[in-house]
Amino acid sequence: MKEIKEKEYWEHFFEKPKKHYNPYMERLKEFPEYIMYDSDLMDSYKNRWNEFFGNDNPIYIEIGSGSGNFAIGMCQKYPERNHMAMELRFKRLHSSARKSKNFNLKNVVFLRRFGEQILDFIGEGEIQGMYINFPDPWEGNEKNRIIQKPLFETLDKVMKVGGKLFFKTDHDQYYLDVLELSKELENYKVVYHTNDLHKSEKAVDNVLTEFEQLFLNKFNKNINYIEIEKIK
Ligand SMILES: C[S@@+](CC[C@H](N)C(=O)[O-])C[C@H]1O[C@@H](n2cnc3c(N)ncnc32)[C@H](O)[C@@H]1O
């Protein structure tokens, strides 16, 4: 009989073993209540994330959550929502979990997983919204951007009708390109957009991300913002 081998820890993150690992990789284990890195475990919650959170509240997902300030701010502001935050970098995940524990949050989980793999672990209509804040603009290699047609094909499956994609960026061309792309999308409609979020009516409710804070304080850069609703 074939023996099922327990995964070595590094196998959760890499195809091949490495000589040196980021010390924060090991330290993700310090916060089992806030960080999930086992893909099989994530996949086993497909269609039952509300069971995971222990409530029937709507679920929002964030791709590229950085050091977690946005996720934490949103969870404090909206305790009646659940927030799943996806991030790849170990130190940022560790810092997100440490801060969440300090605030004793019960409505957040950080997943060490590629944003592109959502279909593996999120079921049909399971989420109410998606946040993408300051994604890499991939200048010169725009085909690698996360906000492209395939993302909306994913949202066709995992997001409820009436749900929204929320996008913030400092990159003016990325903003214009997403507005342009939205014209080609049958099931979606831009319901709000501004090229200066902090001077808009949405500023009062805005929760800052780390990048946003930096762009504002250091560069006084305008922040672009779009809300796209799934209409059918
Ligand atoms: C420019 S940072 C922005 C971080 C945060 N959203 C903010 O606004 O401060 C982009 C983040 O996305 C993460 N990231 C990049 N590609 C990703 C992917 N495919 N899946 C999940 N996270 C990703 C990076 O590790 C990085 O922390």
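Axes here are lines fitted to C-alpha atoms, for helices over the stretch in contact, and angles run from 0 to 180 degrees between N-to-C directions. With that convention in hand, the tour moves through a predicted model.

Begin with helix α8, residues 172–182, which lies across β6, β7 and β8 and runs at about 20 degrees to β8. Next, select helix α7, residues 149–158, which runs at about 145 degrees to β6 and lies across that strand (159–169) as well as β2 (59–63), β5 (127–133), β7 and β8 (224–230).

Now hide the helices and colour the strands. The open sheet has eight of them, in the order β1-β4-β3-β2-β5-β6-β8-β7, and the pairing is mixed. Because β1 (35–36) and β7 (188–194) each have a single partner strand, they stand at the edges, and one side of each is left without a neighbour in the sheet. Zoom in on β1, which runs parallel to β4 (residues 108–112) and is joined to that strand by two bridges; here Met36 stands opposite Leu111 in β4.

To see what surrounds it, select Tyr60, Met74, Cys75, Tyr78, Arg81, Asn82, His83, Asn107 and Tyr131, which line the largest cavity. The elements giving two or more residues to this lining are α4 (69–77) and β3 (82–87). Colouring the selection by class shows five nonpolar, three polar and one charged residues in the lining of the largest cavity.

Methods:
Residues are numbered from 1 along each chain as its sequence is written. This is a predicted model: local features need pLDDT of at least 70, side-chain atom pairs count only at pLDDT 80 or more; totals for chains, interfaces and linings use all residues. Side-chain values use heavy atoms; hydrogens and water are left out. Two strands pair if DSSP finds at least two bridges between them. Helices (H or I, at least four residues) and strands (E, at least two) are DSSP runs, numbered from the N terminus. Contact means heavy atoms within 4.5 Å. On a 1 Å grid over the protein atoms alone, a cavity is a set of points where a 1.4 Å probe fits but cannot get out, and a pocket is an open set with protein on both sides within 12 Å along at least five of seven lines; lining residues have an atom within 4 Å of a point. Ala, Val, Leu, Ile, Met, Phe, Trp, Tyr, Cys and Pro count as nonpolar, Asp, Glu, Lys and Arg as charged, and the others, Gly among them, as polar.
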